[in-house]
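Subject: Structure for your reading

Dear colleague,

Please find the structure below, followed by an account of what was found in it. I would be grateful if you kept it open while reading.

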Amino acid sequence: MRAGYLSSVRARFHGRRDADGLQELLANAFAGSAPSDDNLPPYVLGLRAQVRHSTARLRSRTLKSHRALHVRIQSESVRVVTQYTERTEPTPAALARYGEWVGEWRSAASVCRAQAQQLADEANQLLACYWDAAWARARKDDQVGGQRPTGWLPGEITLDGTWARLDDGLLSDRWYGPQTPGRDADPSAVAQALHILDHQSARGRSGPARHGDASNGIRR
């Protein structure tokens with residue numbers, strides 16, 4: 001799915017074709033309201049479904065291509081947590097190595113996020129073409145007046161919050177199920193190790209983590 005010339009032409013075609021069935025929706029839009037998701041036309045719903053499918057495929061592809069790195073981080077997380085929370089014996093060199101692997105993952109996840117955002121942006125361009133054509137046809141037939149309201153884009157596609165948290169890719173349950181109840185109640189070794197890594201880095205690796213610090217549910 002790309003917002004190229006042919007895709008834009010098709011989007012405008014669908015908008016003109018659907019205009020007659022969108023009279024009430026467009027009239028309400030001119031009055032300042034926006035339709036609910038349940039009232040969106042099939043073209044818009046189909047475009048949103050395509051983006052969901054494509055972004056999910058991007059995630060799966062990223063996990064598959066970095067499987068060895070993912071496994072390495074998972075296993076090393078246990079050692080980091082053991083050293084810093086149970087033995088309270090910091091190992092800066094090992095933590096630095098762990099940080100390199102995490103940095104590699106974050107870089108890959110950042111690329112994946114950029115690609116997903118591009119898909120959303122291109123889909124929104126097609127939505128704009130669709131609604132522009134529908135509005136123009138309805139206006140031509142005197143069903144609505146004036147210009148399409150600025151910023152009015154029913155069905156606009158945005159990435160969910162998991163895309164803003166790159167480390168969620170290391171915790172697949174969070175990447176694919178961000179609303180799972182109680183997911184932070186018992187943090188995994190990976191979550192704890194990432195917390196240790198970021199906090200030790202912020203302190204310049206100046207010393208061991210303080211025993212008894214339970215911020216963010218991390219046991220130390």
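Helices here are DSSP runs of H or I with at least four residues, and strands are runs of E with at least two, numbered from the N terminus. Residues are numbered from 1 along each chain as its sequence is written.

Confidence

pLDDT is the predictor's confidence in each residue, from 0 to 100. The chain has an average pLDDT of 82, and 81% of the residues score at least 70. Confidence is highest in α3, at 94, and lowest in helix α6 (residues 172–176), at a mean of 61. Over residues 181–185 pLDDT stays under 50, and the model has four contacts for them beyond four places in sequence; a contact means heavy atoms within 4.5 Å. Where pLDDT is low, the predicted coordinates should not be read in detail.

Helix α5 and its partners

Helix α5 (residues 92–140) has 49 residues and reaches 70 Å from its first C-alpha to its last, close to the 72 Å expected at 1.5 Å a residue. The expected span is 1.5 Å times one less than the number of residues. Just after α5, D142 takes a positive phi of about 60°.

The axes of α1 and α5 come within 7 Å and cross at roughly 35°. Such axes are lines fitted to C-alpha atoms, for helices over the stretch in contact, with angles from 0 to 180 degrees between N-to-C directions. Among the residues that meet are S7, A11 and H14 in α1 and L126, Y130 and A134 in α5. By class, this contact of α1 with α5 has six nonpolar, four polar and four charged residues. Ala, Val, Leu, Ile, Met, Phe, Trp, Tyr, Cys and Pro count as nonpolar, Asp, Glu, Lys and Arg as charged, and the others, Gly among them, as polar.

How does the span of helix α4 (residues 67–86) compare with what its 20 residues should give? At 1.5 Å a residue they should span 28 Å, and the end C-alpha atoms of α4 are 28 Å apart, which agrees. T88 follows α4 and has a positive phi, near 50°. The α4 and α5 axes are 10 Å apart, and the two helices pack at an angle of about 145°. Their contact includes L69, I73 and V80 of α4 and L95, W101 and W105 of α5. The contact of α4 with α5 comprises 11 nonpolar, one polar and four charged residues.

Two buried residues

L22 lies in the loop between α1 (5–18) and α2 (23–30). Is L22 buried or exposed? L22 is buried, because its relative accessible area is 7%, and buried means under 20%, exposed over 50% and partly exposed in between (1.4 Å probe, protein chains only). Not counting residues up to four places away in sequence, L22 touches P41, Y130, W131 and A134. L22 and L40 are 18 residues apart in sequence and 9.4 Å apart in space, C-alpha to C-alpha.

T62 belongs to helix α3 (residues 42–65). T62 is also buried, with a relative accessible area of 8%. Beyond four places in sequence, T62 touches W105, A108 and C112.

Yours sincerely

Conventions: This is a predicted model: local features need pLDDT of at least 70, side-chain atom pairs count only at pLDDT 80 or more; totals for chains, interfaces and linings use all residues. Side-chain values use heavy atoms; hydrogens and water are left out.
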